[in-house]
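These are my notebook entries on a single protein chain. I set down what I looked up, topic by topic.

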Amino acid sequence: LRPVYMDSYGDIPAGILAGAAVAFWLCLRKTNSKGLWLVPVVLTAALYVKDNTLPVALMAFGIVGADCLFFGLPREQKTKIQYTIAKRAGFCFSALVCMGVGYMVWSNHAAMAVQLRAEQGGLGTTSMALGQVLKNGVQMLVSPPSVSPDIANKYGAKFVQVSADMADAFFKSSITMAGPCVTALILIALMFGVATAFSPKGQRLRTGLLGGAVVLGFFAYYLVILFSYVFIFKDFQAASLDSYNRYIYPYLLFAFVVALSFLANTSQEHISWKPTSGVVLGLSVIMLFRFSTMLMPQFTVLGYPEAYFKDMKKSSNYAQAVTKAVPEGSRIFYVYQGDDGAHWFRQSYNLLPLITDPSGSVDEEKGWSGGMGGTFGLAELSNGNLYYHAYTPEQLSSYLLESGCDYMYIEQSDDIFVQSYQQLFEDGLSNAQQGPALYKIEQQGQLAWMTVVNMEGAA
């Protein structure tokens, strides 16, 4: 897969997978209990798509668990009530344990990786723990006076502002094919309404309750996103609701897939309600038409032109040339002037198994102003870039030498970088001005000294 790289996020797959877990459960209810053991596995898999999709996966579990506890397991045989309840509770418990174990294993792995990276000179834990985020968020929402003075002073005003911005975005920010969140949610509620109305009499209560839970669950998820902006995101990210649409998509997609699954399930429940098949077909036609009016074929997964990947493939080829030019296990300081972090993240993958340094931990005493993508240069040369990291040659040298970086890979330089640091480079950065360049980091007195390394096969 490495030669063909596609820039994508996990938010859309996360929502679809969580919805598919519920759809899988609905399919088992219509067939038999064979394969029931796979439900906890699918629910656990939904946890691993992204580190922030736990709430969506838990909502999927909640729908499956409620359906199981109150409406029964697939092909459930009539028996004593205590045995029935025990069997249902046992299934729900096993699913929850499977998800819990999976989440804890991954969390511990991530914590160990963060600690190891910190010991090697990288970033350590940089945000508030999830439990603390939820605790502080609920306190601010329900009982502001109970919030500690330190938290209130630091996050109080930010909480009020983000709450207002997210309320406004809910009604006005058009992020879906149906428009803003409120419109998409109404559409999903209508789908559940149709599924409920056309369900056989014995199934209407079940469909209505579960559908209502999915719709109301959106607001719980919305609060989680609100708390994240307040307590985890940086101030400038919260001020602009950075990536708002991307964080809302998982739940909207989850709810839409579940609603569509219930609608399709209803169409097959009873012969007299076959017209609902026409509703599903009509909805599909409307969605395809709406999609076709918004996106050109060349911007879909089915029709990406070769030119779209030209720069990515070239960047990947340069990265592979770097991996061949340096010893395995080397630590790379990556520079791409003007980056917003996207190039750093892509190349941290392309440069494997080399270690891509976070490119600047924060240490005010040493003058380290951060990194992990962005623009590096002297403070007086700042161009106003949101991700500008001001370093003097002495400060940059101290970071390179103390963090254990072995090489500096400059994929894109600019005049700011040249004016700021050319005295640290053997060639005065002439190679980097012509294209991607690789340098060996050495020490000369108190400063870092970069010598040119040839990258064979780069193209």
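**Entry 1: the whole chain.** I counted 16 helices and 9 strands in the protein chain; helices (H or I, at least four residues) and strands (E, at least two) are DSSP runs, numbered from the N terminus. I noted that this is a predicted model, in which local features need pLDDT of at least 70, side-chain atom pairs count only at pLDDT 80 or more, and totals for chains, interfaces and linings use all residues. Residues are numbered from 1 along each chain as its sequence is written, and side-chain values use heavy atoms, with hydrogens and water left out.

I looked up burial next. Of the 459 residues in the protein chain, 43% are buried, where buried means under 20% relative accessible area, exposed over 50%, and partly exposed in between (1.4 Å probe, protein chains only). For contacts (heavy atoms within 4.5 Å), I considered residues at least 6 apart in sequence: 69% of these contacts join residues at least 24 apart. The accessible surface of the protein chain is about 23,500 Å², and 62% of this belongs to carbon and sulfur atoms. Accessible areas come from the Shrake-Rupley method with a 1.4 Å probe; for residues, only the protein chains shown count as cover.

**Entry 2: a surface patch.** I found a nonpolar patch on the surface formed by Tyr-48, Phe-93, Val-97, Val-101, Val-105 and Trp-106, with about 600 Å² of accessible area together. Patches are made of residues with over 30% relative accessible area and no salt bridge; like charges are joined within 9 Å, nonpolar side chains (Val, Leu, Ile, Met, Phe, Trp, Tyr) within 5 Å. A salt bridge is a side-chain nitrogen of Lys or Arg within 4 Å of a carboxyl oxygen of Asp or Glu. Phe-93 lies in helix H4 (residues 81-119) and counts as exposed because its relative accessibility is 56%.

**Entry 3: aromatic pairs.** I recorded 25 aromatic pairs in the structure. Rings of Phe, Tyr and Trp (its six-membered ring) pair if their centres lie within 6.5 Å; planes under 30 degrees apart count as stacked, over 60 as edge-to-face and the rest as tilted. Phe-333 and Phe-376 form a tilted pair, 5.5 Å centre to centre with 50 degrees between the planes. This pair links distant parts of the chain, 43 residues apart: Phe-333 is in strand S1 (residues 331-336) and Phe-376 in strand S5 (residues 375-377). Phe-333 is buried, at a relative accessible area of 1%, and Phe-376 is buried, also at 1%.

The ring centres of Phe-425 and Tyr-439 are 4.8 Å apart and their planes stand at 75 degrees, so this pair is edge-to-face. Phe-425 is in the loop between helix H15 (415-421) and helix H16 (430-434), and Tyr-439 is in strand S8 (residues 437-444), 14 residues apart. Both Phe-425 and Tyr-439 are buried.

Entry 4: The C-alpha atoms of Ile-332 and Leu-354, 22 residues apart along the chain, are separated by 7.2 Å.

In H13, I found Trp-344, Arg-346, Gln-347, Ser-348 and Asn-350 buried. Their cover includes helix H12 (310-325), S1, strand S2 (355-356) and strand S7 (407-412). Asn-350 belongs to helix H13 (residues 342-350) and counts as buried because its relative accessibility is 3%. The side chains of Asn-350 and Gln-347 are joined by a polar contact of 2.7 Å. A polar contact is a pair of N or O atoms within 3.5 Å; within protein, one must be able to donate a hydrogen and the other to accept it, and residues adjacent in sequence count only if both atoms are side-chain atoms.
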